[in-house]
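Thanks for coming, everyone. Let me put the structure up, and then we'll walk through a few contacts.

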Amino acid sequence: MAAFLRRLWARSAPFSHSVGRREASLGTAVRVRFAPSPTGFLHLGGLRTALYNYIFAKKHQGSFILRLEDTDQSRLVPGAAENIEDMLEWAGIPPDESPRRGGPMGPYQQSQRLALYAQAAEALLKSGAAYPCFCSPQRLELLKKEALRSHQTPRYDNRCRNLSSAQVAQKLAKNPKPAVRFRLEEAVPAFQDLIHGWTQHEVASVEGDPVILKSDGFPTYHLACVVDDHHMGISHVLRGSEWLISTSKHLLLYQALGWQPPQFAHLPLLLNRDGSKLSKRQGDIFLEHFAATGFLPEALLDIITNCGSGFAENQMGRTLPELTKQFDLTRIACHSALLDLEKLPEFNRLHLQRLVSNETQRRQLVEKLQALVKNTFRNQLQDKGVLDPAYVERIILLRQGHVCRLEDLVSPKYSYLWTRPAVGRAQLGADSEKVDIIAKHVLGLLERAGSSLTQDMLNGELKKLSEGLEGTKYSNVMKLLRVALSGQLQGPPVAEMMVSLGPKEVRERIQKVLSS
């Protein structure tokens, strides 16, 4: 058996730390981990798990670790590992230790920690808590099909559990690379989950002995997470409730290895509004989708915590520091959280308005909007003046609270801000004489006001103008001016349009209509 394991170790990646002991004495320090598999890009469900770990760590002055569970080499998605860390940084919850950042407990990718798993498997084999399994994939598949035909839950029949030493030696001669299975015990220790309370699952009565080390030297989730959580000094495991039933199995592994387990808290599922499961097949649940379509990370963090529990009360508009301060693990309920993504634009509007009110962040928004304008309109821009920071900032300030995303300001509705519409007299819906009177009045108003246009002043003057035009409603005057300035029948108030564009541009657009 030792020779078998030595062959496994020879194929295992080298490990920089000495193994066989805990690398550091961490005392009561809080250390939590987010441990996704890079078999896909980061989605909202993963973000929520990462966020709860992050704010729990920060609330207790602890450390937040990113560990990539990449032992299932056949399912790895190119670029997924980098995407996960990129999106955590984009969301504002970067790990303290990770594959990219490094740290004292690395490596932080399981494929680079194979020596640790081989050593743990050897210890379990020596103590009799584990045994080699020589069953072929074909036999295991037949077992599964037979169970399904009989309407039973598929489970391994523990065939190799009681092989004698002689039988093991004989089989090793033919198959030197068996899998390693863990012996499930009947007496499973109960544990107190920090969310679900006292819990116990008699896994041996419903499951066969699980594989913990595959024949290729890679561990399964059960062994890898126990070994890594121990050696990385993880104090609390906050993970999805789908792993609650497996925790009894993991506690048996901790017990067999003589290690102290961390505390567990199994988070309720994040579901769609109708109660259906969030699916990775939905392209719109991936963080890249939200980032590309202009949603703010602050809005995503807000909405995925607002729909769940863990806080004294749910309220819109909370920032990450506020979430961290208010978070209380004991307030997390067992029931699933229902996510209503139709409300996301409103969450985004609140957080965008918050950013606008901060001078430093507003400057960043100006730069982003400048880039959006250049990318959207390219050669159609009326002139380079529309990219002037003062002009762009004025647009953002005037429209704050009215748009949900910065990208809305480059939609067709707001194209008049960046390009001059082609409008002739015939499109204004009024006879030529009235057009001349209204235009003359507005041009005179611009002359008198100079650069000090205000919405209140303009509203008053335009009201007076309509009252002086017999048989012309105020709404018709506004419609005429809106079309002249934007080429559109709907949009912001005319006075705001005029303040946005500025007196020089308003004058040029009106004169252009008059000369058409």
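F191 and F264 are both buried, where buried means under 20% relative accessible area, exposed over 50%, and partly exposed in between, with a 1.4 Å probe and protein chains only. A word on the source: this is a predicted model, local features need pLDDT of at least 70, side-chain atom pairs count only at pLDDT 80 or more, and totals for chains, interfaces and linings use all residues. Residues are numbered from 1 along each chain as its sequence is written, and side-chain values use heavy atoms, with hydrogens and water left out.

Now the rings. The whole structure has 7 aromatic pairs. Rings of Phe, Tyr and Trp (its six-membered ring) pair if their centres lie within 6.5 Å; planes under 30 degrees apart are stacked, over 60 edge-to-face, the rest tilted. For F191 and F264, the ring centres are 6.2 Å apart and the planes sit at 65 degrees, so this pair is edge-to-face. F191 is in strand β5 (residues 191–193) and F264 in strand β9 (residues 263–267), so the pair ties together parts 73 residues apart in sequence. Strands here are DSSP runs of E, at least two residues; helices are H or I, at least four; both are numbered from the N terminus.

Elsewhere, ring pairs join Y52, F311 and F327 into a cluster. R318 lies over the face of F311, 4.6 Å from the ring centre. That label needs NZ of Lys or CZ of Arg within 6 Å of the ring centre and within 35 degrees of the ring normal. K463 does likewise over Y474, at 4.5 Å from the ring centre.

Next, helices. How do α2 and α10 cross? The axes of α2 (residues 44–59) and α10 (residues 297–306) come within 10 Å and cross at roughly 85 degrees. Axes are lines fitted to C-alpha atoms, for helices over the stretch in contact, with angles from 0 to 180 degrees between N-to-C directions. The two are therefore roughly perpendicular, a term for 65 to 115 degrees; under 35 is roughly parallel, over 145 roughly antiparallel, the rest oblique.

From α2, L44, L47, R48, L51 and Y52 meet L300, L301, I304 and T305 of α10. Contact means heavy atoms within 4.5 Å.

Last, Q370. This residue sits in helix α13 (residues 359–377). Its relative accessibility is 16%, so Q370 counts as buried. Beyond neighbours within four places in sequence, Q370 contacts L387, D388, P389 and V392.
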